[in-house]
Amino acid sequence: YMRENMYIFKRLVRLGLCIFMAVMMVSLIGNRALAEMTSDKWQKEIPSEAMSLKEAGRTLIIEKKYSEAIEVLEKSIVIKSDYYLAIYNLGFAYVLRGLNVGDSSEKDNQRSYELFEQALRIATENNFQDAHIYHIVGWLMFRRLIFSHEPDQDVARRYMEINEMAQKALQIDPSFGKAHYLLGMVSELKGDFEHALICYLRAKDMGEKVEEDIGRVRIYTDK
């Protein structure tokens, strides 16, 4: 019974995850102006040309010109190979192009994952606290889990890794509703509907639109 529920849930998530992630990531890119100012302050000695290319790439992402953004941002990290925000935005460009049905590419998805992991390493090494990067890496891990056919022991490890990313995001920003939502999705996938409901309700309290998710898990919790 539990395996059947998981199969149905994974199919539902596969149908909606690409659209959801595309909307979420464009929204995050478009609302990081203040965070970007802070980020560029903590990372010293950024060449002006690299910074200009990063800004141009970010604008191209908002305009949904992902291939052009990739070309520009790749040039930025050639100038400064550990430029956090250029790598961060380049990861967005690859994952969004990979989510585009017409341009869908597993190579793009893999490249985006590698770039966000690289950005996470840079942030960790410099003691820079960015809840968004942990959340995004967690979502990419979740996407991998949904589309994978891994053995049960590997799936259990994936659950732990995704939970760790979401919890680290919440350690930095306890009011980060999207991280609570991610925890809810993982719990629902595992069949832990009680905990999923708790996470979704927390996400709702923090402004996330999760009414459909709450209604879905209450089919099981209200029995």
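From the N terminus on, the elements of the protein chain follow the order α-α-α-α-α-α-α-α-α-α-α. The secondary structure thus comprises 11 helices and zero strands, where helices (H or I, at least four residues) and strands (E, at least two) are DSSP runs numbered from the N terminus. The model is predicted, and local features need pLDDT of at least 70, side-chain atom pairs count only at pLDDT 80 or more, and totals for chains, interfaces and linings use all residues. Residues are numbered from 1 along each chain as its sequence is written, and side-chain values use heavy atoms, with hydrogens and water left out.

Of the 223 residues in the protein chain, 49% are buried; buried means under 20% relative accessible area, exposed over 50%, and partly exposed in between (1.4 Å probe, protein chains only). Contact is defined as heavy atoms within 4.5 Å. Among contacts in the protein chain between residues at least 6 apart in sequence, 64% join residues at least 24 apart.

Helix H5 covers residues 84–99, and at 1.5 Å a residue its 16 residues should span 22 Å; the expected span is 1.5 Å times one less than the number of residues. The end C-alpha atoms of H5 are 23 Å apart, which agrees. In H5, 16 of the 16 residues are buried, so this helix is largely enclosed by the rest of the structure.

Helix H6 (residues 106–125) packs against H5, their axes coming within 8 Å and crossing at roughly 160 degrees. Axes are lines fitted to C-alpha atoms, for helices over the stretch in contact, and angles run from 0 to 180 degrees between N-to-C directions. The angle makes H5 roughly antiparallel to H6; angles under 35 degrees count as roughly parallel, over 145 as roughly antiparallel, 65 to 115 as roughly perpendicular and the rest as oblique. The crossing of H5 and H6 is left-handed, a term used if the near helix is turned anticlockwise from the far one by less than a right angle, and right-handed is used if clockwise. On the H5 side, the residues in contact include Tyr 84, Ile 87, Tyr 88, Phe 92 and Val 95. On the H6 side, they include Asp 108, Ser 112, Leu 115, Phe 116, Ala 119 and Ala 123. By class, the contact of H5 with H6 has 13 nonpolar, five polar and three charged residues. Here Ala, Val, Leu, Ile, Met, Phe, Trp, Tyr, Cys and Pro count as nonpolar, Asp, Glu, Lys and Arg as charged, and the others, Gly among them, as polar.

The 20 residues of H6 should span 28 Å at 1.5 Å a residue, and the end C-alpha atoms are 29 Å apart, which agrees. The buried residues of H6 are Asp 108, Asn 109, Ser 112, Tyr 113, Leu 115, Phe 116, Ala 119, Leu 120, Ile 122 and Ala 123. An α-helix has 3.6 residues a turn, so residues three or four places apart point the same way. Ala 123 of H6 has a relative accessible area of 2% and is buried. Leaving aside residues up to four places away in sequence, Ala 123 touches Tyr 84 and Phe 128. Ala 123 and Gln 43 are 80 residues apart in sequence, and their C-alpha atoms are 9.6 Å apart in space. Just after H6, Asn 127 takes a positive phi of about 55 degrees.

Helix H7 (residues 131–147) and helix H9 (residues 177–190) pack at an angle of about 20 degrees, with their axes 10 Å apart. H7 and H9 are therefore roughly parallel to each other, and their crossing is left-handed. Among the residues making this contact are His 135, Trp 139 and Phe 142 of H7 and Lys 178, Tyr 181 and Met 185 of H9. By class, the contact of H7 with H9 has 10 nonpolar, two polar and one charged residues.

Ala 156 lies in helix H8 (residues 152–172) and is partly exposed, with a relative accessible area of 38%. The C-alpha atoms of Ala 156 and Lys 190 are separated by 9.2 Å, although these residues are 34 residues apart along the chain.

Positive phi values were also found in loops. Glu 45, in the loop between helix H2 (33–42) and helix H3 (48–62), has a positive phi of about 55 degrees although it is not a glycine. At 75% relative accessibility, Glu 45 counts as exposed. Lys 64, in the loop between H3 and helix H4 (66–79), is not a glycine either and has a positive phi of about 65 degrees. Lys 64 counts as exposed at 57% relative accessibility.
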